[in-house]
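Reader: Please take me through this model one topic at a time, and state each convention and cut-off where it is needed. Which conventions should I keep in mind before looking at any detail?

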Amino acid sequence: MEKEFLTIKNNALSMILDAENNKELDAIRLQFLGRSGKLTIALKDLTKLPDDEKPLMGRVANNTKNVIEDAINRKENELNKKRQTNFIIDITEPGIKPPLGSLHLVTQAIQEITKIFEHIGFTRVRYPEIEWDWYAFEALNFPENHPARDDWETFFIQQDPHPKYGSLVLTPHTSSGQIRQMENSKPPIKMLNIAKTYRRQSDVSHTPMFHQFETLVIGEKISIADLKGTLDFFVKSYFGENRKSRIRPYHFQFTEPSFETDVSCGVCDGRGCKLCKEGWLEIGGAGMVHPNVLKNCGIDPEKYSGFASGWGVERVLMMKEGIQINDLRTLYANNLDFLTQF
Ligand code: DAH
């Protein structure tokens, strides 16, 4: 019996020594220690021995089992280590790239717009996204209950109105930043306010949340020529040197005179095509700050004048050559197939 255990041990050890991988080692484990393995069967035979031989044989059997188990474990470690070492030193193996995100299309546009205006001395500011009626409408020269307020399709917050500032709204336009800015600082002012704006509209060309960028320049002898020059600089920097800009008369409560601002169509170069119809694409409103607005902010309209403009980030982004988005809502649908293209 003792010899039988010795044979099992020697056979097992030499096979373990030769094993080249974990699969072979598993097969050896099964062959000796498995339910019908050689050692398991031999152990069962122990019961048949006379009682006085049992203790000694028991010890031999145990020792055999421990030695084989030990050898298997050691070999297993050795094989694993070898695999890891091979992996580390294989410098030719290509690395694994972690998935990298990118900035959202609209964030990229905001950064680009900011750089263009900073180049000509504007400072970017941020003001509250939830705003009092005073800042969104009243101080901007909208008379109470004036129908023009409907054009902004504003979201109102359910809260009792403030005795002085009125209802709370989600900023329907970045023009509220003009009032905040003039309250906060004295002329000369060169403000760029880029922010989220909210209106109750949702279709192919509207999302309930969108972004505007607002300029405000206040100083002595600021004229329409400054407005037109700034518009032109932006249009050429953002859309390209060959694009032209123009202003057309319009009406806004908070500017006098007021304008719509256009950029020449990039597809037909201003001649007129299916996209633009008449050669021009509208980018938003602008005008000379109304004297009442200056007065509401404690600025003397006899001494100072200024211009302001409010244009759409998504709008200019879509108009920029090469980017075709048929439904504006695609921008905010969180579809990675779309977003990872940019
Ligand atoms: N706030 C206007 C809108 O949301 C756009 C606008 C028009 C802004 C004229 C201005 C401006 O600063 O002077 O439609």
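Author: Helices (H or I, at least four residues) and strands (E, at least two) are DSSP runs, numbered from the N terminus. This is a predicted model, in which local features need pLDDT of at least 70 and side-chain atom pairs count only at pLDDT 80 or more, whereas totals for chains, interfaces and linings use all residues. Residues are numbered from 1 along each chain as its sequence is written, and side-chain values use heavy atoms, with hydrogens and water left out.

Reader: In which loop is Tyr332 found, and is Tyr332 buried, exposed or partly exposed?

Author: Tyr332 is found in the loop between helix 11 and helix 12, the latter covering residues 336-339. Buried means under 20% relative accessible area and exposed over 50%, with partly exposed in between (1.4 Å probe, protein chains only). Because its relative accessibility is 27%, Tyr332 counts as partly exposed.

Reader: How far apart in space are Tyr332 and Ala286, C-alpha to C-alpha?

Author: Along the sequence, Tyr332 and Ala286 are 46 residues apart. In space, taken from C-alpha to C-alpha, the separation between Tyr332 and Ala286 is 27 Å.

Reader: Which residues have the most contacts inside the largest nonpolar core?

Author: A nonpolar core is a set of buried Ala, Val, Leu, Ile, Met, Phe, Trp, Tyr and Cys residues joined through side-chain atoms within 4.5 Å. The largest such core in this model has 39 residues, and helix 5, residues 105-119, gives the most to it, with 7 residues. A second, separate core holds 25 residues, among them Tyr135, Val169, Leu216 and Phe252. Inside the largest core, the residues with the most contacts are Ile113, Phe213, Phe234 and Tyr238.

Reader: Phe213 and Phe234 form an aromatic pair; what is the distance from centre to centre?

Author: Rings of Phe, Tyr and Trp (its six-membered ring) pair if their centres lie within 6.5 Å, and planes under 30 degrees apart count as stacked, over 60 as edge-to-face and the rest as tilted. A search of the whole structure finds 16 aromatic pairs. In the pair of Phe213 and Phe234 the planes stand at 55°, the arrangement is tilted, and the distance from centre to centre is 5.3 Å.

Reader: How many residues apart in sequence are the parts that this pair ties together?

Author: Phe213 is buried, and Phe234 is buried as well. Since Phe213 lies in strand 5 and Phe234 in helix 9 (residues 224-239), the pair ties together parts whose separation in sequence, counted in residues, is 21.

Reader: Why is strand 4 described as largely enclosed by the rest of the structure, and how many of its residues are buried?

Author: Strand 4 covers residues 189-198, and it is largely enclosed by the rest of the structure because, of its 10 residues, the number that are buried is 8.

Reader: Where does Pro188 lie, given that the peptide bond to it from Pro187 is cis?

Author: The peptide bond from Pro187 to Pro188 is cis, with omega near 5°. Another cis bond runs from Glu256 to Pro257, with omega near -5°, and Pro257 lies in strand 7. Pro188, by contrast, lies in the loop between helix 8 and strand 4.

Reader: Asp269 has a positive phi; in which loop does it lie?

Author: Phi of Asp269 is near 60°, although the residue is not a glycine, and at 38% relative accessibility Asp269 counts as partly exposed. Lys277, likewise not a glycine, has a positive phi of about 70° and is exposed, with a relative accessible area of 65%. Lys277 lies in the loop between strand 7 and strand 8, and Asp269 too lies in the loop between strand 7 and strand 8.
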